[in-house]
Amino acid sequence: MYKVKVFVTLRESVLDPQGTVVKNSLHSMNYSEVSDVRIGKYMELIVDKSDRPVEEAVKEMCERLLANVVIEDYRFEIEEAVAQ
Amino acid sequence: MKFAVIVFPGSNCDIDMYHAVKDELGAEAEYVWHDAESLDEYDGILLPGGFSYGDYLRSGAVARFSNVMKEVVKAAEAGKPILGVCNGFQILLEAGLLPGAMRRNDSLKFICRTVELRVENNETMFSSAYEKDEVINIPIAHGEGNYYCDEAVLAELKKNNQIVFTYNGTNPNGSLENIAGIVNEKGNVLGMMPHPERAVDELLGGADGLKLFQSIVKQWREAHVVNA
């Protein structure tokens, strides 16, 4: 079994309205060192081992459902899950 | 002309859509559940607003994989008129039947009020009953109507005259180029955030949306009824 951590964020070229509001809020709290905030989604998938390489399967899941590649970027990390 | 009103779990404008088409327009209409196997018997497909599948992950992202969507794609390819309003528009974007994507409104607020739209293109099967540049009043009700596409897609939309409706005056949600509704290149799939089905009777505060449905029927009659 694998534990897959998927991170989805708006593309750099796409204005992130939530990130902008949070950045402005941090600035109003005097954290002036923050120059940008991007808000995204974090998903954990538990994936059974199969004949198909897990990277290939997860990439396909990201492209088809987990991210909308018109406006979002994604990346993922794959870990061997320890059996309970 | 017979319309299908597609109902997803979480649709909430399906009854308004049915009422607009059946009672105000006087056409035939039926509710069609999201797992339907065929849309062959319908001449027009309506994807209503709401929060299909709770809008989980992204608006429209899960509904796009419903069984009926394979049939909606087939109907689109066959040239049948397909109208997606609000969540219906978001589903059409996720399904790739229309280009681009939706972001959260730039204000981060859910906005529910009547806005002015400008008819940019009245030469579509959805807008022929309007005048070019006519300003109409149609309600909006959405939290994610901030339309986005990249520059190449925007250039295509403009070149092919695919932008049908824009917000007139103030842009309520930050959408690119004030875009409120677009058609596909072939012209038979329209997605729009404003709700024409909520503006079909003066009792409801206005009837500017009715012409949209009348346009669809007019085009269909001219194509299918002898001596129309």
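Predicted model: local features only at pLDDT ≥ 70, side-chain atom pairs only at ≥ 80, totals over all residues.
Colleague: How many bridges join strand β6 of chain B to β7(B)?

Modeller: There are 8 bridges between β6 (residues 111-119) and β7(B), and the two strands run antiparallel. Strands are DSSP runs of E with at least two residues, helices are runs of H or I with at least four, and both are numbered from the N terminus. Two strands pair if DSSP finds at least two bridges between them. Residues are numbered from 1 along each chain as its sequence is written, with chains lettered from A and ligands numbered from 1 in the order in which they are written.

Colleague: And what is the bridge partner of V115(B) in β7(B)?

Modeller: V115(B) has I138(B) as its bridge partner.

Colleague: In what order do the strands of the open sheet in chain B come?

Modeller: The order of the 9 strands is β2-β1-β3-β4-β11-β10-β9-β6-β7, with mixed pairing. β2 (28-33) and β7 (135-142) of chain B each have a single partner strand and stand at the edges, so one side of each lacks a neighbour in the sheet.

Colleague: Changing topic, how many residues of chain B are in contact with chain A?

Modeller: 10 residues of chain B are in contact with 8 residues of chain A; contact means that C-beta atoms, placed from the backbone, lie within 7 Å.

Colleague: What is the average pLDDT of chain A?

Modeller: The average is 94, and 98% of the residues score at least 70.

Definitions and conventions: Contact = placed C-beta atoms within 7 Å. pLDDT = per-residue confidence, 0-100.
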